[in-house]
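The following note sets out points on helix packing, aromatic contacts and selected residues. It is meant to be read beside the model.

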Amino acid sequence: MKAIVIEPNKDMIWKEVKNPVLKCGEVLVEVRCAGVNRADLMQREGCYPPPPGCPDWPGLEISGVIKEMSIEAEKESTWKVGDKVCALLGGGGYAEYAAVHHTMLMPIPKGISFEEAAALPEAFATAYLNLFTEGGAKEGQTFLMQAGKSGLASVVIPMAKAFGLRVITTVRTDDEVKAISHLNADVVVNTSKEKLCDVLKREEEAGHPLNLAIDCLGSENVGECFPYVAYGCRWIMIATLAGDISSVNMRTMYVKNIRLIGSTLRSKPVEVKGEILSNLVREIWPKVESGEVRPTIYEIMPITDAEKAHALLEEGKSAGKVILTIPDEN
């Protein structure tokens with residue numbers, strides 16, 4: 001089969017690799033589409049290696065069709081050869097085929113294409129993990145999603161809105177404000193014109209103190225915002241794209257009982273991921289099928305254009321998910 005191999009010079013080449021060998025409990029999925037995530041870019045740079053046992057090529061989420069099943073997967077699950085699925089991977093999605101443990105599979109929601117389905121597993125699982133498992137989100141609370149133009153934000157914001165949260169998000173330009181208007185965030189902060197901490201102070205004074213944040217940016221913003229969050233606020237760090245260091249007033253943290261939480265989906269045990277995916281199918285898939293929560297697809301590209309896809313994320317040009325399609329010859 002073919003896969004995207006990261007060369008020593010960081011070029012990404014579509015070339016022949018060994019076919020996957022199914023392990024206990026795994027199924028073989030013929031990949032139709034793969035979602036692009038910032039973790040893929042980090043892996044390419046050598047700072048986010050795949051977990052042990054995963055292929056060297058990137059790709060955390062796919063859609064496709066089951067082509068083969070291990071004996072254990074046949075006994076332990078209700079999946080069948082020919083089922084259309086989307087899947088969460090530790091790595092290896094940029095390929096014609098992927099070996100996936102059966103607990104990492106989800107049915108494709110009704111009315112969803114393979115392209116849209118490939119945008120679901122990583123972003124939706126990350127959203128669910130941090131909104132509900134780590135964040136304990138509840139109806140009526142105020143929630144901050146940093147980087148509102150990101151693929152993750154395109155999922156998190158409508159999911160939070162669907163469950164009754166007041167949503168604040170951040171962008172950097174007026175054009176980006178327009179680009180995410182369909183997400184219906186309650187407050188969109190253009191950080192080139194005003195500081196996030198000033199907006200949170202204003203929200204607190206208006207009776208909407210921040211209860212929960214999902215932050216992929218970091219930087220000094222974190223410490224600057226803490227004085228204006230609600231008692232018991234959960235501030236969840238999932239990346240630090242804007243900077244690793246922040247000055248934090250520890251007294252503010254304990255007086256306000258603030259929880260600063262580090263969170264990554266990729267490092268979670270299979271059992272935890274499987275529970276999250278089961279919750280998605282039970283609680284979120286009906287909202288996807290009704291159209292209440294849908295992924296925003298920015299661009300669909302052939303897998304051979306993986307470098308161009310990465311460039312869209314690196315340059316901050318994508319407002320939503322970028323999806324790679326696999327050639328028909330597989």
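**Notes on packing and local geometry**

1. Ile 261 touches Glu 134, Arg 234, Trp 235, Ile 236 and Met 237, leaving aside residues up to four places away in sequence; contact here means heavy atoms within 4.5 Å. Ile 261 belongs to strand S13 (residues 259-262). Helices (H or I, at least four residues) and strands (E, at least two) are DSSP runs, numbered from the N terminus. With a relative accessibility of 19%, Ile 261 counts as buried; buried means under 20% relative accessible area, exposed over 50%, and partly exposed in between (1.4 Å probe, protein chains only). Ile 261 and Asn 130 are 131 residues apart in sequence, and their C-alpha atoms are 9.7 Å apart in space.

2. On the basis of these points: this is a predicted model, in which local features need pLDDT of at least 70 and side-chain atom pairs count only at pLDDT 80 or more, whereas totals for chains, interfaces and linings use all residues. Residues are numbered from 1 along each chain as its sequence is written, and side-chain values use heavy atoms, with hydrogens and water left out.

3. Leu 212 is placed in strand S11 (residues 210-215) and, at 0% relative accessibility, counts as buried. Its contacts, not counting residues up to four places away in sequence, include Asn 130, Leu 131, Gly 135, Phe 143, Cys 233 and Ile 236. Between Leu 212 and Phe 143 there are 4.8 Å in space, C-alpha to C-alpha, although the two are 69 residues apart in sequence.

4. The axes of H4 and H5 come within 9 Å and cross at roughly 50°. Axes are lines fitted to C-alpha atoms, for helices over the stretch in contact, and angles run from 0 to 180 degrees between N-to-C directions. H4 and H5 are therefore oblique to each other; angles under 35 degrees count as roughly parallel, over 145 as roughly antiparallel, 65 to 115 as roughly perpendicular and the rest as oblique. The crossing of H4 and H5 is right-handed, a crossing being left-handed if the near helix is turned anticlockwise from the far one by less than a right angle, and right-handed if clockwise. On the H4 side, Ala 123, Phe 124, Thr 126, Ala 127, Tyr 128, Leu 131 and Phe 132 meet Leu 152, Val 155, Val 156, Met 159 and Ala 160 of H5.

5. H4 also packs against H10: their axes come within 10 Å and cross at roughly 105°. That makes H4 roughly perpendicular to H10. From H4, the contact is made by Phe 124, Ala 125, Tyr 128 and Leu 129; the residues of H10 that take part include Ile 276, Leu 280, Ile 284, Trp 285 and Val 288.

6. How many aromatic pairs does the structure hold? There are four, where rings of Phe, Tyr and Trp (its six-membered ring) pair if their centres lie within 6.5 Å, and planes under 30 degrees apart count as stacked, over 60 as edge-to-face and the rest as tilted. Phe 124 and Trp 285 form an edge-to-face pair, at 6.0 Å centre to centre and 85° between the planes. Phe 124 lies in helix H4 (residues 121-134) and Trp 285 in helix H10 (residues 270-289), so the pair ties together parts that are 161 residues apart in sequence. Both Phe 124 and Trp 285 are buried.

7. Phe 132 and Phe 163 form another edge-to-face pair, with 5.1 Å centre to centre and 65° between the planes. This pair links distant parts of the chain, 31 residues apart: Phe 132 is in helix H4, and Phe 163 is in the loop between helix H5 (151-162) and strand S9 (166-171). Ring pairs link Tyr 128, Phe 132 and Phe 163 into a cluster. Phe 163 counts as partly exposed, at 24% relative accessibility. The charged end of Lys 287 sits over the ring of Phe 163, 4.9 Å from its centre; a charge sits over a ring if NZ of Lys or CZ of Arg is within 6 Å of the ring centre and within 35 degrees of the ring normal.

8. Two backbone details deserve a check. Lys 10, in the loop between S1 and S2, has a positive phi near 80° although it is a residue other than glycine. Asn 184, likewise not a glycine, has a positive phi of about 60° and lies in the loop between helix H6 (174-179) and strand S10 (187-190).
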